[in-house]
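Below is a report on a single protein chain. It covers the strand pairing, the nonpolar core and the salt bridges.

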Amino acid sequence: MRPVPSPLLLLVLALVADESLLAQDVVRGRLLQFNDNGAWSWFEDERAIVDPGSGRILVGSCADSSGVGGAPRSGDIDIAWLDLGAGRFGQFELRDRLEDDDHNAPALLLRPDGRYLAMYNTHGSSPLSWWRISSPGDPTSWTVEA
């Protein structure tokens, strides 16, 4: 016969569970939102980089149909950044509607010449990978997709 949990234990567990649900979106400090619809997988390679030369943080992501903007943004491959000196955010769409999957977020590299390299592909639906290179230190200007 299995022991039955005491009512006090059940109450404590309910309160702890309830508190953790309420606390899941608590931010202690100032929340910085780079993109209002962007996903990436935590285990992937560099999806965020710091460019000390321009004073920017860049983040690559893939938009989801369930996020802000819905279906028209589904699968958009984006670069978002924060200019640390000016405190301003910006965003650039590298590719329109590639595929709605967090694994498609672009990997980023700061090249020795100050340009950014962004590489991305689908999550197994295509054997191809695509890449674009920015102008030096400029996340608003990119080569055509190759």
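## The hairpin of strands 5 and 6

Strands 5 and 6 make a hairpin in which five residues separate the two strands. Glycine 114, in the turn, has a positive phi of about 85°. The two strands, residues 107-110 and residues 116-121, run antiparallel and are joined by four bridges; leucine 108 has alanine 118 of strand 6 as its bridge partner. Strands (E, at least two residues) and helices (H or I, at least four) are DSSP runs numbered from the N terminus, and two strands pair if DSSP finds at least two bridges between them.

Arg111, Asp113 and Arg115 are linked in a network of salt bridges. A salt bridge here is a side-chain nitrogen of Lys or Arg within 4 Å of a carboxyl oxygen of Asp or Glu. Between aspartate 113 and arginine 111 the closest N and O atoms are 2.6 Å apart. Aspartate 113 is partly exposed at 37% relative accessibility, and arginine 111 is partly exposed at 26%. Buried means under 20% relative accessible area, exposed over 50%, and partly exposed in between (1.4 Å probe, protein chains only).

## Model and overall layout

The model is predicted: local features need pLDDT of at least 70 and side-chain atom pairs pLDDT 80 or more, while totals for chains, interfaces and linings use all residues. Residues are numbered from 1 along each chain as its sequence is written, and side-chain values use heavy atoms, with hydrogens and water left out.

The chain has one helix and eight strands, in the sequence pattern α-β-β-β-β-β-β-β-β. Of its 146 residues, 32% count as buried. The chain exposes about 9,100 Å², 59% of it supplied by carbon and sulfur atoms; the areas come from the Shrake-Rupley method with a 1.4 Å probe. Among contacts (heavy atoms within 4.5 Å) with a separation of 6 or more, 45% are between residues 24 or more positions apart.

Four strands form an open sheet with the order 1-2-3-4 and antiparallel pairing. Strand 1 (48-51) and strand 4 (88-95) are at the edges with a single partner strand each, so one side of each has no neighbour in the sheet. Neighbouring strands are turned by 20° against each other on average, direction ignored, with axes fitted to C-alpha atoms.

Strand 1 is joined to strand 2 (residues 56-62) by four bridges. Valine 50 stands opposite isoleucine 57 in strand 2.

## The nonpolar core

The largest nonpolar core has 14 residues, of which Leu58, Ile79 and Leu94 touch the most other members. Strand 2, strand 3 (77-83) and strand 6 each give two or more residues to this core. Such a core is a set of buried Ala, Val, Leu, Ile, Met, Phe, Trp, Tyr and Cys residues joined through side-chain atoms within 4.5 Å.

Leaving aside residues up to four places away in sequence, leucine 94 touches several residues, including Ile77, Ile79, Pro106, Ala118, Tyr120 and Trp142.

## Salt bridges across the chain

The whole structure contains four salt bridges. One of them joins the side chains of arginine 73 and aspartate 36 (2.7 Å, N to O). Arginine 73 lies in the loop between strands 2 and 3 and aspartate 36 in the loop between helix 1 (7-23) and strand 1, so the pair ties together parts 37 residues apart in sequence. Arginine 73 is buried at 17% relative accessible area, whereas aspartate 36 is partly exposed at 38%.

Arginine 95 and glutamate 145 also meet in a salt bridge (3.1 Å, N to O). Arginine 95 belongs to strand 4 and glutamate 145 to the segment after strand 8 (138-142), so this pair ties together parts 50 residues apart in sequence. Arginine 95 is partly exposed at 23%, and glutamate 145 is partly exposed at 31%.

Note on methods: Axes are lines fitted to C-alpha atoms, for helices over the stretch in contact, and angles run from 0 to 180 degrees between N-to-C directions.
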